[in-house]
Amino acid sequence: MAPSSGDHARMDLDHDACYRAFQTRDARFDGRLFSGVKTTGIYCRPICPARTPKPENMVFFASAAAAQAAGFRPCLRCRPETSPDLGAWRGAANTVSRALALIETGALDAGDVEALAERLGVGERQLRRLFRQHLGASPIAVAQTRRVLLAKQLIHETRLPMAEVAMAAGFGSIRRFNETFQVLFGRPPGALRRGAQPEVSAQGDDALFIRLPYRPPYDWDSIVGFLAHRAIPGVEVVSPRSYARTIAIGGDQGLLVVRPLEGDRLGVEIRFPKLSALPAIIARVRRVFDLAADPLTIGAQLSRDPALAPLVAARPGLRTPGAWDGFELSMRAILGQQITVTAATVLAGKLVAAYGDPLPDALQGRVEGLTHTFPRAAAIADQDLGLVLGMPRARAKALSSMAAAVVADPLIFGARANLDEAVARLKALPGIGEWTAQYIAMREMREPDAFPHGDIGLMRALADEQGVRPTPAELLARAEAWRPWRAYAALHLWASDPLPTPKTKPDARQAA
């Protein structure tokens with residue numbers, strides 16, 4: 001297919017500004033701007049080390065999918081698959097952002113665009129129009145580009161056999177995989193691999209290792225500190241330089257370890273029996289570590305508030321930690337109601353020991369302290385947890401009722417049409433109030449504007465010199481200026497508020 005013209009009109013920059021970004025190799029535009037080169041048929045990142053073509057030979061796109069849909073193929077030097085943001089983050093909380101998050105987790109692998117639109121509460125034609133408007137590509141083109149770029153990353157960064165690369169990237173068949181690469185690159189996929197090291201199957205004893213980029217700055221210490229404070233015994237083990245946890249997808253069990261690397265990347269070591277789950281695992285890791293955020297854009301908005309400006313300056317790379325699994329997060333949140341974080345952690349450990357699935361022998365001992373995957377909803381739904389956990393019957397009932405609700409609707413924590421609808425649906429669940437609903441929206445649904453305005457820690461952080469705190473209504477009114485990044489504002493305020501000791505009055509935010 002002959003490359004077509006670009007779509008810089010969909011972006012905030014005109015052609016000259018886009019060209020200057022490439023001329024200066026401006027890293028600020030990496031991931032949000034791509035250039036197609038008419039004379040070569042390839043598309044590049046702004047930081048590509050190759051000589052910048054003449055401006056009349058360049059066209060610009062808002063996403064890699066748009067460039068690929070226009071007939072350009074990925075550059076082998078700057079490797080668009082290693083860009084810090086492949087269009088998954090559009091900033092504001094909108095339908096496109098939510099749709100991209102669902103595509104990243106495989107919504108179009110098992111379903112179609114109509115089903116995706118239905119989940120988001122919009123029509124199929126409207127969803128296609130929004131994708132064209134904001135990304136210059138269709139939802140299907142976005143999903144296909146993701147598969148190609150993940151396959152290309154695995155070819156370059158692993159020694160997996162090509163058949164396993166195809167499976168891991170989500171191609172339905174080896175033939176389809178080979179045909180796609182032949183059309184895009186004019187050669188079979190194996191010809192793109194450099195070096196002569198032997199192939200290493202993922203079915204062996206070695207872990208799969210991948211690198212996930214992010215846009216700097218990144219506050220690793222803060223996010224790992226947040227996760228360490230809430231680590232579930234047997235399921236998570238956190239140290240200053242690593243985060244390890246057990247995982248369960250589709251009835252299979254595995255584990256992973258995440259560590260910070262040089263060069264604005266995290267390294268992820270994965271042990272999981274089915275390669276087809278790799279895109280879902282990567283999507284969840286990116287969500288837990290908030291790798292798609294643009295901290296500079298967020299910081300610029302929040303710094304307009306004099307109270308937040310020094311907090312942003314002190315922690316410019318602060319992220320909103322995501323959750324690995326919505327059911328696990330909801331259980332943790334209910335367990336933490338009205339008790340301290342230490343007590344909630346003990347209860348979570350009891351729950352895992354009683355109802356979690358032990359890791360298979362091949363994984364036992366790989367990481368000290370990891371013994372079980374978190375209990376499945378079906379294992380808890382019919383249980384009387386009060387006696388096992390030693391907790392009030394009402395909260396024990398809330399746990400089992402929540403589990404039953406998840407069994408009835410496994411997509412209960414999925415994205416909705418907007419934040420208000422998501423919070424309203426969550427509050428209809430057993431044991432979920434306003435604070436918990438906003439917290440789940442923030443961490444599981446990745447709503448950047450979720451904001452638990454009744455949180456005592458937030459009000460305490462904004463107390464005046466006489467110690468007078470704003471009321472929830474006053475806090476909510478002030479937070480209007482922080483939209484659409486109120487979740488990040490909450491993280492900054494919490495980070496500025498030293499956590500009280502376990503002997504003090506329980507705080508819902510800590511315990512969850």
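**View 1. Overall size of the predicted protein.** This is a predicted model, where local features need pLDDT of at least 70 and side-chain atom pairs count only at pLDDT 80 or more, while totals for chains, interfaces and linings use all residues. A compact globule of 512 residues would have a radius of gyration near 24 Å, and the protein's 23 Å agrees with that. (That radius is taken over C-alpha atoms, and the globule rule is 2.2 Å times the number of residues to the power 0.38.) Along the principal axes, the C-alpha trace spans about 70 × 55 × 45 Å.

**View 2. Helices and strands.** Look for 24 helices and eleven strands here. Both are DSSP runs: H or I over at least four residues for helices, E over at least two for strands. Residues are numbered from 1 along each chain as its sequence is written, and side-chain values use heavy atoms, with hydrogens and water left out.

**View 3. The largest nonpolar core.** A nonpolar core joins buried Ala, Val, Leu, Ile, Met, Phe, Trp, Tyr and Cys residues through side-chain atoms within 4.5 Å; buried means under 20% relative accessible area with a 1.4 Å probe, protein chains only. The largest one has 113 residues, and I281, F289 and W482 touch the most other members.

**View 4. Zooming in on F289.** Leaving aside residues up to four places away in sequence, F289 touches Y218, W220, I223, L227, Y243, V258, L266 and R319. Touching, or contact, means heavy atoms within 4.5 Å.

Definitions and conventions
Buried < 20%, exposed > 50% of the residue type's maximum accessible area, 1.4 Å probe, protein only.
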